[in-house]
Amino acid sequence: MFKIFGRNKQQKENVKLFYKTDMHCHIMPGVDHGSQSVEESIEMLKAEMAMGISRVILTSHTTAETFENTPETLAEGYEILKQAVEEEGLNIELHYSSEYRIDEYWDQLYNEGRIVPMPGKFLLLENSFVQELISIDELMFDLSSKGYKPILAHPERYSYYHQRRTRYQKLHSMGVKFQVNLLSLAGYFGGGARENAYWLLEHNLVDMLGSDMHSVEHAQIIQHYLNSKEWAKLQPRLEGRIVNDMIK
Ligand SMILES: [Fe+2]
Ligand SMILES: [Fe+2]
């Protein structure tokens, strides 16, 4: 009788993340183009837990014209989801803030004192995808002087930085934290974003990782990536550097 070596009858366990806090996701239901229902949000939270996440900061979009969220709309979405999580008996801690696009609507909210920061006054900010804002350095300086801790969402995705990577170093040296998307590392946003993400990693410019998940499908792509050899190689280089759990 031949024995088949190396075959493990037990299915391989999913690989879990080494940190507990996902600080960038679109799981709050019905306030942007992420989750469209409470049921979908619950499925996404279960996928987060399967990855080892036990704290989630909900960061729905706030952008001019498309998703003009307010402290009220965000609080309402949070309360709805929190109740559903309790009913479902999920052991996951929820907080909420927003992914603020720096545009005229942001200016309005910021000037009116109507922004919702994360715990510890962290703020997730998204640059324009078309061109870098002329006033971004001043804004980051102003935020820091008011005690906010700005985080630049997915710096690897702004294609105008591909040729001007010194801007990354400038912004980071001003104290701006950089958050790279797991989806970018997985190649979901194309080779350019992935290449940029690796460049940032090699230059010690990555402080946080985010799922940026908008759907259950995104969660599956991330889980698949976490189970890959590539992630197994990368993870030891990231541990000790990623400060997601500092958001308190
Ligand atoms: Fe974004
Ligand atoms: Fe996002």
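## Close-up views of a predicted model

**View 1. The last pair of strands, S6 and S7.** Asn181 stands opposite Gly210 in S7. We are looking at a predicted model here, and this spot is a handy place to begin. Strand S6, residues 177-181, pairs with S7 in the parallel sense, and three bridges connect the two.

**View 2. The whole sheet, with helix H2 packed on it.** Stepping back, you can follow an open sheet of seven strands in the order S1-S2-S3-S4-S5-S6-S7, with parallel pairing. Strand S1 (21-22) and S7 stand at the edges; each has a single partner strand, so one side of each is left without a neighbour in the sheet. Helix H2, residues 71-88, packs on the sheet, where it touches strand S2 (55-62) and strand S3 (93-101). The direction of H2 makes about 150 degrees with that of S3.

**View 3. The largest nonpolar core.** Which residues have the most contacts inside this core? They are Leu123, Leu125 and Ile151, in a core of 51 residues. Strand S4 (residues 122-126) gives the most to this core, contributing four residues. Take a moment with Ile151: leaving aside residues up to four places away in sequence, Ile151 touches Phe122, Leu123, Leu124 and Leu125, and also Lys177, Gln179 and Met208.

View 4. Ser215 sits in the loop between strand S7 (208-210) and helix H8 (216-226). Is Ser215 buried, exposed or partly exposed? Ser215 has 18 C-beta neighbours inside 10 Å; a residue needs 20 or more to be buried and 12 or fewer to be exposed, so Ser215 counts as partly exposed.

View 5. Along the principal axes, the C-alpha atoms fill a box of roughly 75 × 45 × 30 Å. Buried residues make up 36% of the 248 residues. Among contacts between residues at least 6 apart in sequence, 78% join residues at least 24 apart.

Technical notes. Residues numbered from 1 in each chain as written. Chains lettered and ligands numbered in written order. Predicted model: local features only at pLDDT ≥ 70, side-chain atom pairs only at ≥ 80, totals over all residues. Contact = placed C-beta atoms within 7 Å. Core = buried A, V, L, I, M, F, W, Y, C linked by C-beta atoms within 7 Å. Pairing = 2+ DSSP bridges. Axes fitted to C-alpha atoms, helices over the stretch in contact; angles between N-to-C directions.
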